[in-house]
Amino acid sequence: MIKATEDNQYVELTSPTSLPKASGFLWNEKMMIHVNCRGYAVAQFMQPEPAKYSYAPNLEAKTFMQPEQPYYAHHPGRFVYIKDEISGEIFSAPYEPVRKQADSYTFAVGKHDIHWKVIQDDICIEMSLRLPKEDVMELWRVKVTNLSSRKRKLSIYPYYTVGYMSWMNQSGSYVEDLQGIVCSAVTPYQKYQDYSKIKNYSDKTYLLADHQPTAWEVNHEIFEGEGGLHNPSALQSETLAGGDARYETPVAVLQYRVELEAGAEQAYRFIFGPAHDETEIEGIRQHYFVKQNKDGQDGFTAAEQEYAEYIAEGQGNIQIETPDSWLDNVVNHWLPRQMYYHGKTNRLTTDPQTRNYLQDNMGMSYIQPQIARAAFLTALSQQHISGAMPDGIILHPDAELKYINQVPHTDHCIWLPVCMKTYLDETNDYSILEEQVAFTDSEQKVSVLEHMNLAMRWLIHERDARGLNYINQGDWCDPMNMVGYKGKGVSGWLTIATAYAFNVWADIGEQAGHAEVAAEFRQEANQTNAVANEYLWDGDWYARGITDDNVVFGVSNDVEGRIYINPQSWALMSGAADQDKQEKLIRAVEEQLETPYGVEKLAPSFTAMREDVGRVTQKHPGSAENGAVYNHAAAFYIYALYLVGEKEKAYRLLRKMIPGPDGEDILQRGQLPVFIPNYYRGAYRQFPRTAGRSSHLFNTGTVPWVYRCLIDGLFGLQGHAQGLQVRPQLPEDWNEASVTRLFRGAELNVNMKKDATVQTIEVHVDGQRIAGDIIKNIQGGVKYEVLVKLPL
């Protein structure tokens, strides 16, 4: 059903019905498309805010990508109908809308392309999707091959959904000179002041073809007729009617009538996307289909190659070979790709949440650290002189804080040292601390060091008389919006996380030679941990918070939301939990939160609104923040387990993030192992039937933390001011593993082996045992052979 290709460049699925939502995604820095195995697609581009060019059949509200996206007959898709002109039989590829079971079916997700190969009635349809590196458009190839021993007469109908574009103005027609369909709309607006913005929008949707079609149809209602999309009335005629759309819902359908000899094939190329006007579309046609470069390539072929090279730039800095080949494939090929997407696109928003922006660039520290460096400076330039960080980072001159970024949250400052630590580990670039940066509300420039100090002191200031950090209308958990809106409620997690941030900043200060900073914040960390233990420890785990009305929640007395994972994770990180508390909280997590699909965010999931906690309790039990296996939070816990040396427990949960290879597990999750979703359904003890189901959302802060778990924890190859620290934590049933680690311009080939003759870890570099566990004096451009002997 699912397998990686021999070269590990693709993951293939052989059924469109066993995992109907299995999907892949492609992106560049201006657009994204998420396509599932049946041909449905969600695509958006920036102008400068996210916009659509392939719409649903009703006017859509502008929202984030939706979890567990439902797909229906008229959902946007990219399909090809095939009609046998002799028998009149039709089928469609990839699977929708006809839904005829193919004789052979393959959906293949690659790093820079997505493929389908469908064989039905001795006709093979191959479809592929790629993007350019910079332009907003989809590049499609469709090849039809006659596998039979006889001549075939076929009609081929590429079908691209345009959908309901606008209630103000929508139309469409075939344009002979462009050899394509152009559909036009006007983005709805009410205020005359908005006209100056929308008049420059790319409100046209076009489909260009490199082969002149036999016929076309642009009127969706006429094309579908009485037959429905599974058997459109228009396909009953010899040729499409050549209709247009005049304030009617448009569609882009072309027809090619071909006669294929036995074994013959016919290939087509199409470009689908948005544009401002027909002049722009003509320029696209000329560049991609007509003109050739010095190598004899047209723009279409050159763009495919350029995009592949762009995606290849997002390689991770570890390549692994372990006893778990399924893990190897994800870590070597898919995890860095997902991390690269986040860091390069900022999740295709002009105002990413501050916590997301910083953590996504924590991930870029492993791939392109210069981008991470610039991002940290950008974020700090938007800090207030009070030390407070904004709820979102503005990345475009016309952008403004929107949606959740208009709701005050209190956690953004803690991410500064936490994420900066990874950048410093990778680069040893402590000079960043001396960079001079202004504030959003003051032109005064101070060093990054002072910006960070101000952020830490803001966390100290924003506390109640007990020393617990205020939550306002949310912390890391966005929908925990009613705990502290009156100004008194506090976050147990944030208090503990603040202690961890203080410790991390103290470590950085110490390495940078700022002893006074280290001493100040080490003391603050100790005091904060003491406060957490006084007010938040419930006997077996830590509480999640205390409401405006002074009610402690996330404790054993609660019927729902009794235990939350985040306070437990960060108490391990911060040092709040001593050995006795560690054992108790880990046991509580195993008994109440761990499931076959990972560790749940809270349990039991809420089944009704709790008004002193907020809208998190209104979400369906087991979905998203209400008790799902929310992988971002799960990754915090795994990282914390590695920090305290619980390697077996850490690896067990790490491995549960990746679907398979067990067939039943894959079916239950419903997704391919080509990205880690933001959640798998939870409420395992309450609603086991749906537990484990993937959200299919690839936007998540999970991936840099998983990479950090691998580098700092599992393989223990963490950067250090003096070099590379080697402290592996391999599972007991692994006797060996190998890692190629790219680090500060050098390449280290590290072989780790269990050895009955050693009592402690031994590190040998180029045949010589080193003292201690830090490989020092690493030179860029040099390859090192490293042997790590581990006690049994």
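In the predicted model, strand 4 (residues 31–36) and strand 5 (residues 41–46) run antiparallel and are joined by 5 bridges. Within this pairing, Met 32 has Gln 44 of strand 5 as its bridge partner. The two strands belong to an open sheet of 4 strands, in which the order is 3-4-5-6 and the pairing is antiparallel. Strand 3 (23–28) and strand 6 (50–51) form the edges of this sheet, each pairing on one side only.

An annotated region covers residues 74–288, where an unreviewed UniProt entry places the feature "domain: Glycosyl hydrolase 94 supersandwich". In the model, 46% of this span is strand and 9% is helix.

The largest nonpolar core contains 217 residues. Trp 415, Trp 570 and Phe 715 are the residues with the most contacts inside this core. Helix 10 (residues 492–511) contributes the most to the core, giving 11 residues.

The surroundings of Phe 715 can be described residue by residue. When residues up to four places away in sequence are not counted, Phe 715 touches Ile 320 and Thr 322, as well as Leu 710, Arg 727, Pro 728, Leu 730, Trp 734, Ala 737, Val 739 and Met 752.

Technical notes. Residues numbered from 1 in each chain as written. Predicted model: local features only at pLDDT ≥ 70, side-chain atom pairs only at ≥ 80, totals over all residues. Heavy atoms only, no water. Pairing = 2+ DSSP bridges. UniProt positions renumbered as here; feature names shortened; annotations may be inferred. Core = buried A, V, L, I, M, F, W, Y, C linked by side-chain atoms within 4.5 Å. Buried < 20%, exposed > 50% of the residue type's maximum accessible area, 1.4 Å probe, protein only. Contact = heavy atoms within 4.5 Å.
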